[in-house]
Amino acid sequence: GYGMKAIWEGEVIAESDDTIIIESNHYFPRRSLVEKYFSESNKSTHCPWKGDASYLSITVNGEVNQNAAWYYPSPKDAAKEITGMVAFWHGIQITK
C-alpha cells in the first residue's frame with residue numbers, strides 16, 4: 001500500500017510513498033493528488049527561502065476548504081526538492 005495519505009471530510013485527497021517533510025509539513029507529489037477535489041486559488045504568499053507559493057482550494061462533497069493546499073511553482077535553489085510538490089493545512093489530516 002501507499003505510505004502517506006491526506007484526508008479531508010472522510011475522503012483520501014492524496015496518497016503517496018514519496019512524501020518529503022519540510023518544516024514538519026508533508027509535501028506530496030502533484031501527481032498523487034486526486035485532481036477532481038482541487039481547484040487553483042488566486043492566493044499567493046512569499047517565503048524568504050522557498051520563494052512564492054501558490055494555493056489550491058479543496059472541494060469534497062460540496063464542502064469547500066479555501067487555500068487548504070499550497071505549492072511552489074518555481075522554488076528557490078534551497079527548496080528545489082519540493083518542485084512539483086504540494087502540502088496541506090487547514091484541517092487536512094495526514095496519516096499512514
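In what order do the elements of the protein run from the N terminus on? The elements run β-β-β-β-β-β-β-β-β, and the protein accordingly has zero helices and nine strands, where helices (H or I, at least four residues) and strands (E, at least two) are DSSP runs numbered from the N terminus. The model is a predicted one, in which local features need pLDDT of at least 70 and side-chain atom pairs count only at pLDDT 80 or more, while totals for chains, interfaces and linings use all residues. Residues are numbered from 1 along each chain as its sequence is written, and side-chain values use heavy atoms, with hydrogens and water left out.

With 96 residues, a compact globule would have a radius of gyration near 12 Å, and the 13 Å of the protein agrees with this; the radius is taken over C-alpha atoms, and the globule rule is 2.2 Å times the number of residues to the power 0.38. Along its principal axes, the C-alpha trace spans about 35 × 30 × 20 Å. Buried residues (under 20% relative accessible area, 1.4 Å probe, protein chains only) make up 45% of the 96 residues. Among contacts (heavy atoms within 4.5 Å) between residues at least 6 apart in sequence, 45% join residues at least 24 apart.

An open sheet of three strands has the order β2-β1-β9, with antiparallel pairing, two strands being paired if DSSP finds at least two bridges between them. Its edge strands, each of which pairs on one side only, are β2 (11-16) and β9 (93-95). Strand β1 (residues 4-8) pairs with β9 in the antiparallel sense over three bridges, and I7 stands opposite Q93 in β9.

A search of the whole structure finds five aromatic pairs, for which rings of Phe, Tyr and Trp (its six-membered ring) must have centres within 6.5 Å, with planes under 30 degrees apart counted as stacked, over 60 as edge-to-face and the rest as tilted. F28 and F88 form an edge-to-face pair, 5.5 Å centre to centre and with 75° between the planes. Because F28 lies in strand β4 (residues 25-29) and F88 in strand β8 (residues 85-88), this pair ties together parts that are 60 residues apart in sequence. F28 is buried, with a relative accessible area of 0%, and F88 is buried as well, at 6%. The rings of F38 and F88 have their centres 6.1 Å apart and their planes at 50°, so that pair is tilted. F38 itself counts as buried at 10% relative accessibility. Y27, Y55, W70 and W89 form one aromatic cluster.

Methods: Buried < 20%, exposed > 50% of the residue type's maximum accessible area, 1.4 Å probe, protein only.
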